[in-house]
Amino acid sequence: MKNLFGDDDDGIISPEVLTEMLSEAFAPDELYRQTKNMMWSMVQYKEMQMVYECALKEIRTKFDVLNTEFELQHKRNPIASVNTRLKRTQSIAAKLIKYRVPFSLENIEKHVNDVAGIRVICSYIDDVYKIADALLAQDDVTLVEKKDYIANPKPNGYRSLHLIVSIPVFFADGKKEVKVEVQIRTIAMDFWASLEHRMRYKHNIPEQASISAELKQCAEVIADTDKKMLSLRDRIEAAEDAPTEEDILFEKLRRLDMPIK
Ligand code: 0O2
């Protein structure tokens, strides 16, 4: 048997020995039962995280496929980068406390929609919506909630498209519907959000009010730049000759042997 570092682990303790140690150490029965329940809770929490990890793998594949298909059709990548993350236990606890519900697996599944999160960064604003529509058109993807902070930015200037979707994850003994939070935004919006995020989690910044005001101004400039870049791209594309059928065929032939990303 190998340990977590991949080394041979001859010192592993067998379940029989552990059970014996447990009943010797924790008689009477109540302590034994409590200890076992605690261990079960830890195992179930870890298993729940594994389910969310699998959901992240599935949804990442969906975006990879959309990106590859779009690239084949339009000769450019709508997605600049994709990042996934599992919400930290501490942040899950903070969210449950905010909602005033006790920490339990049931409450995590019911109330915390962003245990699994994926952030998709696009070059242009229209790509954000194209990618969102293409995801939601898939018949195994169910939209649970949509917040369009691009059409309706937050008062601080935050812009991003947020979707909570539910997707099926298939296991050996059946399938489970799992919620994932999808944040889709442009490179410029992401640049802004990362700096603002740093400020949000720092306390005692002496100039907080003026920094917030300047950040808000930057958000407006960035939104304007995003719109201008889109319009410039459209003008450049309009000036390009429309590809002939032969152009498309030979371009696709050229790409046939390229490795699929
Ligand atoms: P973290 O550390 O990123 O995970 P909810 O109770 O879930 O309905 P919530 O959480 O406010 O309300 O939902 P919302 O508005 O959709 O925001 C979810 C996530 O979007 C946040 O997660 C942030 O990642 C991001 N976000 C929202 N507003 C802002 C903002 O003003 N600035 C920045 N930089 N990011 C924002 P968490 O859980 O707050 O934090």
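Modeller: A residue is called buried under 20% relative accessible area, exposed over 50%, and partly exposed in between, with a 1.4 Å probe and protein chains only. Tyr 45 is buried, at a relative accessible area of 13%. This is a predicted model, in which local features need pLDDT of at least 70, side-chain atom pairs count only at pLDDT 80 or more, and totals for chains, interfaces and linings use all residues. Residues are numbered from 1 along each chain as its sequence is written, and side-chain values use heavy atoms, with hydrogens and water left out.

Colleague: How many aromatic pairs does a search of the whole structure find?

Modeller: Rings of Phe, Tyr and Trp (its six-membered ring) pair if their centres lie within 6.5 Å; planes under 30 degrees apart count as stacked, over 60 as edge-to-face and the rest as tilted. The search of the whole structure finds two such pairs. One of them joins Tyr 45 and Phe 103 in a tilted arrangement, 6.2 Å centre to centre with 45° between the planes. The pair links distant parts of the chain, 58 residues apart: Tyr 45 lies in helix α2 (residues 29-74), and Phe 103 in the loop between α3 (89-98) and α4 (105-111). Helices (H or I, at least four residues) and strands (E, at least two) are DSSP runs, numbered from the N terminus.

Colleague: At what angle do the axes of α5 and α7 cross?

Modeller: The axes of α5 (residues 125-136) and α7 come within 8 Å and cross at roughly 85°, so the two helices are roughly perpendicular to each other. Contact means heavy atoms within 4.5 Å. In α5, Ile 125, Asp 126 and Asp 127 meet Asp 226, Lys 227, Leu 230 and Arg 233 of α7.

Terms used
Axes are lines fitted to C-alpha atoms, for helices over the stretch in contact, and angles run from 0 to 180 degrees between N-to-C directions. Angles under 35 degrees count as roughly parallel, over 145 as roughly antiparallel, 65 to 115 as roughly perpendicular and the rest as oblique.
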